[in-house]
Amino acid sequence: MPSSRLLLIVASCAFLAACRQDMHDAPRYEPLEASTFFADGRGSRTLVANTVARGMLREDEHLYQGKVDGQLTDTFPMPVTTEVMARGRERFNVFCAPCHGRTGQGNGMVVQRGFRAPPSFHDERLRTAPVGYFYDVQTNGFGAMSDYAAQVPVADRWAIAAYIRALQFSQRATVGDVPPERRAELDAPAPQEAR
Amino acid sequence: MPQIFKPSANTLAKASIVGGLLLAVSLIGLLIGLGRSSYVTRAQEFIEQPIQFSHAHHVGDDGIDCRYCHTSVETSSFAGIPPTKTCMNCHSQIWSTSPMLEPVRASIRDDRSLRWIRVHDLPDFVYFNHSVHVKNGVGCETCHGRVDEMPLTYQQNSLQMEWCLDCHRAPEKYVRPRSEIFTMGYRPPVPQSVQGPELVKAYGIESLTNCSTCHR
């Protein structure tokens with residue numbers, strides 16, 4: 001019967017397809033794949049201790065530590081533009097809002113789940129803190145907050161610091177702070193929430 | 001001596017030709033169907049992990065953004081699996097004594113990586129870059145489905161080539177504004193048939209269907 005031969009061919013093709021996976025899974029590591037070769041089981045290797053990649057030495061104290069002459073600075077290492085503020089808002093909402101809340105009052109969802117409440121950004125101590133302080137806390141952590149150096153790149157940490165400053169201003173702003181020609185917008189419906 | 005073939009044998013012979021062909025066709029159809037089924041693609045299948053991590057809880061209930069953990073998704077070909085430290089940012093205090101999270105604590109204590117089971121594993125002969133998709137208006141949800149509703153993570157789609165090509169041939173069917181990439185349950189404010197072509201034009205998205213786009 002012709003169908004039985006066809007069946008045999010089709011079936012053996014199916015088996016062939018099932019057996020050969022070499023090219024699906026090539027002998028190389030995918031990012032973060034486990035390894036049996038290295039003692040710690042990690043295919044992705046960490047940097048050797050006390051080494052710095054060429055061009056990656058962090059000499060700029062202002063940019064990388066938020067300090068000038070060993071003191072936390074109140075100036076930004078980059079111009080604060082609209083783009084920086086927008087980036088700061090976006091990154092704040094991703095990385096900070098879970099605890100600090102979107103307005104910085106320290107009542108984010110993770111706090112509502114039981115994490116120790118952080119101080120409000122609108123407290124006197126934090127309102128008067130230099131911007132370098134916010135960069136420093138993001139970089140090194142503070143109290144219950146772990147550092148965000150691995151999750152947030154340097155430029156973003158500064159953008160977040162700038163946005164925190166804006167949040168602080170926002171909570172104490174008066175109508176007088178709004179340019180007269182734009183005051184009408186205050187009564188307009190709120191724009192769609194930025195993400 | 002009686003006849004070997006009765007008159008009905010004529011019908012039987014014809015029927016067996018038709019039947020044989022039908023059988024062959026349906027068998028081929030079955031194999032094709034099987035190849036696309038979730039039995040082969042492993043789509044829609046919950047994957048057991050070393051820890052019962054729930055995206056439904058972390059994303060859906062807590063509203064944590066995708067990027068909080070998958071930090072490299074916008075800049076790298078690989079979205080990134082968070083290091084244990086990211087878990088401990090919160091779980092140093094929340095559920096810090098839960099037996100369910102003991103493997104997490106053990107991981108940080110002993111400096112051993114958690115061995116998550118990969119859910120989305122493309123064949124190695126496919127080049128794929130997360131960041132370029134994220135930058136060009138492909139929402140997480142478009143490929144990964146409603147992750148915020150997955151108690152255990154599963155692969156939403158087949159990840160087969162025809163599935164990739166469905167979008168690569170007509171990206172306007174799926175692209176969304178860059179501001180909505182990480183939104184779950186996104187509904188276009190204007191019909192996709194209007195918004196899609198506009199976004200494709202605005203973002204300069206090309207329909208890349210050359211073999212070497214992915215097989216390089």
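In this predicted model, chain B and chain A bury between them an area of about 3,200 Å², and carbon and sulfur atoms give 54% of that area. Three residues, B:Tyr68, B:Gln93 and B:Asp124, supply 20% of the area that chain B buries against chain A, which is more than any other three residues supply. The size of an interface is often given in this way, as the accessible area lost when the parts come together. Counted by residues instead, the contact takes 35 residues from chain B and 36 residues from chain A.

The interface can also be described by the pairs that cross it. Between chain B and chain A there are 15 residue pairs in polar contact, with both residues at pLDDT 80 or more. On the chain B side, helix H1 (8-36), helix H3 (55-61), helix H4 (66-69) and helix H5 (84-91) each supply at least two of the residues that touch chain A. The largest share, 5 residues, comes from H1(B). Sorted by class, the side of chain B that touches chain A has 12 nonpolar, 10 polar and 13 charged residues.

Charged residues lead on to salt bridges. Side chains of opposite charge can pair when their charged atoms come close.

A second pair with a partner in each chain is A:Glu90 and B:Arg67, which form a salt bridge with their closest N and O atoms 3.7 Å apart.

Other salt bridges can be found inside chain B. B:Arg146 forms one with B:Asp148, where the closest N and O atoms are 2.9 Å apart, and the side chain of B:Arg146 also meets that of B:Glu149 in a salt bridge, at 3.3 Å from N to O. These residues can be compared with the cut-offs for burial, in which buried means under 20% relative accessible area and exposed means over 50%. B:Asp148 has a relative accessible area of 15% and is therefore buried, B:Arg146 has 28% and is partly exposed, and B:Glu149, at 51% relative accessibility, counts as exposed. Elsewhere, salt bridges that share partners join A:Arg87, A:Glu90, A:Arg91, A:Asp156, B:Asp65, B:Arg67 and B:Glu74 into one network.

B:Asn89 lies in helix H5 of chain B and is buried, with a relative accessible area of 4%. The side chain of B:Asn89 makes a polar contact with the side chain of B:Tyr68, at 3.1 Å. When neighbours within four places in sequence are left aside, B:Asn89 is in contact with B:Tyr68 and also with A:Phe115, A:Ser146, A:Tyr148 and A:Gln151.

It remains to look at each chain as a whole. Chain B has 11 helices and 0 strands. The radius of gyration of chain B is 25 Å, well over the 17 Å that the globule rule gives for 216 residues, so chain B is more spread out than a compact globule. The C-alpha trace of chain B spans about 95 × 50 × 35 Å along its principal axes. Of the 216 residues in chain B, 36% are buried, and among the contacts in chain B with a separation of 6 or more, 68% are between residues 24 or more positions apart.

Chain A has 7 helices and 2 strands, and from the N terminus on its elements run α-α-β-β-α-α-α-α-α. Of the 195 residues of chain A, 33% count as buried. Among the contacts in chain A with a separation of 6 or more, residues 24 or more positions apart account for 47%.

Definitions and conventions: Residues numbered from 1 in each chain as written. Chains lettered and ligands numbered in written order. Predicted model: local features only at pLDDT ≥ 70, side-chain atom pairs only at ≥ 80, totals over all residues. Heavy atoms only, no water. Contact = heavy atoms within 4.5 Å. Buried area = accessible area lost by both parts, 1.4 Å probe. Salt bridge = Lys/Arg side-chain N within 4 Å of Asp/Glu carboxyl O. Polar contact = N/O pair within 3.5 Å; in protein donor to acceptor, adjacent residues only side chain to side chain. Helix = DSSP H or I, 4+ residues; strand = E, 2+ residues; numbered from the N terminus. Nonpolar A, V, L, I, M, F, W, Y, C, P; charged D, E, K, R; others polar. Rg over C-alpha atoms; globule rule 2.2 N^0.38 Å. Buried < 20%, exposed > 50% of the residue type's maximum accessible area, 1.4 Å probe, protein only.
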